Amino acid sequence: MDASAKILNTEKPSPTEDWTIVMPRRGKKTRSFNKILIAEQQREEKLWTPIGLETDPERESKLMQKMQICIQKLENSEFFRSFLHQMQYPDMLAKFLKVLGPETKMLMVIYGIGSIESFEPPRLQLSLAILMKRKFDWIGEIEVFDPIISLMESKVLTSLGCSVLSINEQGRRQALKPTLFFMPHCEAELYNNLLQVNWGVDKLNRIVLFGNSFEAYEHHMSMFKNSVFVNSRKHILAVRRFTKEFIVDTFSDDSFRAFHSSSWHFFGLDSETDLQTLDVKHFIIA
């Protein structure tokens, strides 16, 4: 997607009006119209409204309290102290600044956060994103999307300073400006979609990705010699040679569940790299 998705309006949406299409009878016009209709249907399928269009002020208040406790707990943890220290290593900080370039802020996009009401790991993951924004003035706005987010969770996210997207981008956000994609424990297809839509030197060099270890995906490829498995990860595997990865350490049961096998990824491609000639089919095993 070329630009940021629309931000969710937390007011209850109006019912969709009925509509009818009269199809042409035959011939080339029919085929052209079908293509237009299919494209329109695909676009409409990405539109999203939160689960549960009713909200409970008491539950909302309790969830906000849970989040505040979780943020404070994480901020005082050994994991977070180590995490901050790693982000400020000279070689890692230099990579953040290189992606940032002349810009003063880096947008953060969070995909696949899960239900912050139902589970502790998503609350810890969101807490980490919020604490990062508080600690580093170069981190800008936070945009969030997960198809299972409820209206009540959307309101809490908004109260915490995040914007909830109203369109399911399916990970296909083009990095037209420096963007930190915060995607711990997302499905491989989501990372692959992100890389595919940004498959160019300029766009990849504008991305910082926090998520599942690409090195681990490469290791697992040798264990699962299956074309479907590899095909869903082909851009992950193809970009590995241009990726600098920093593995994140975990210390406790809480941090392990929320962040195990997570890494920072930076894509250091020079201007002469021709990704279009890189044969990603090389990674598909028959």
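Analyst: Buried means under 20% relative accessible area, exposed means over 50%, and partly exposed covers what lies in between (1.4 Å probe, protein chains only). By that rule N193, at 14% relative accessibility, is buried. The model is predicted, so local features need pLDDT of at least 70 and side-chain atom pairs count only at pLDDT 80 or more, while totals for chains, interfaces and linings use all residues. Residues are numbered from 1 along each chain as its sequence is written, and side-chain values use heavy atoms, with hydrogens and water left out.

N193 sits in helix α7 (helices are DSSP runs of H or I, at least four residues, and strands are runs of E, at least two, numbered from the N terminus). Setting aside residues up to four places away in sequence, N193 touches Q170, G171 and R172 (a contact is heavy atoms within 4.5 Å).

Further along is N198, in the loop between α7 (188-197) and α8 (201-204). N198 has a relative accessible area of 0%, and is therefore buried. Its partners, again leaving out residues up to four places away in sequence, are R173, Q174, A175, K203, L204 and I207. As for A175, its C-alpha atom is 6.7 Å from that of N198, although the two are 23 residues apart along the chain.

Now for the wider setting. The protein chain has twelve helices and seven strands, and 46% of its 286 residues are buried. Of the contacts between residues at least 6 apart in sequence, 78% join residues at least 24 apart. The accessible surface is about 15700 Å², with 51% belonging to carbon and sulfur atoms (Shrake-Rupley method, 1.4 Å probe).

Elsewhere in the chain, helix α2 (residues 57-75) packs against helix α5 (residues 120-135) at about 65°, their axes 9 Å apart (axes are lines fitted to C-alpha atoms over the stretch in contact, and angles run from 0 to 180 degrees between N-to-C directions). The two helices are therefore roughly perpendicular (65 to 115 degrees). Residues making this contact include M67, C70, I71 and L74 of α2, and L124, L128, I130 and L131 of α5. By class, the contact has nine nonpolar, one polar and seven charged residues (Ala, Val, Leu, Ile, Met, Phe, Trp, Tyr, Cys and Pro are nonpolar, Asp, Glu, Lys and Arg charged, and the others, Gly among them, polar).

Methods
Parallel < 35°, antiparallel > 145°, perpendicular 65-115°, else oblique.
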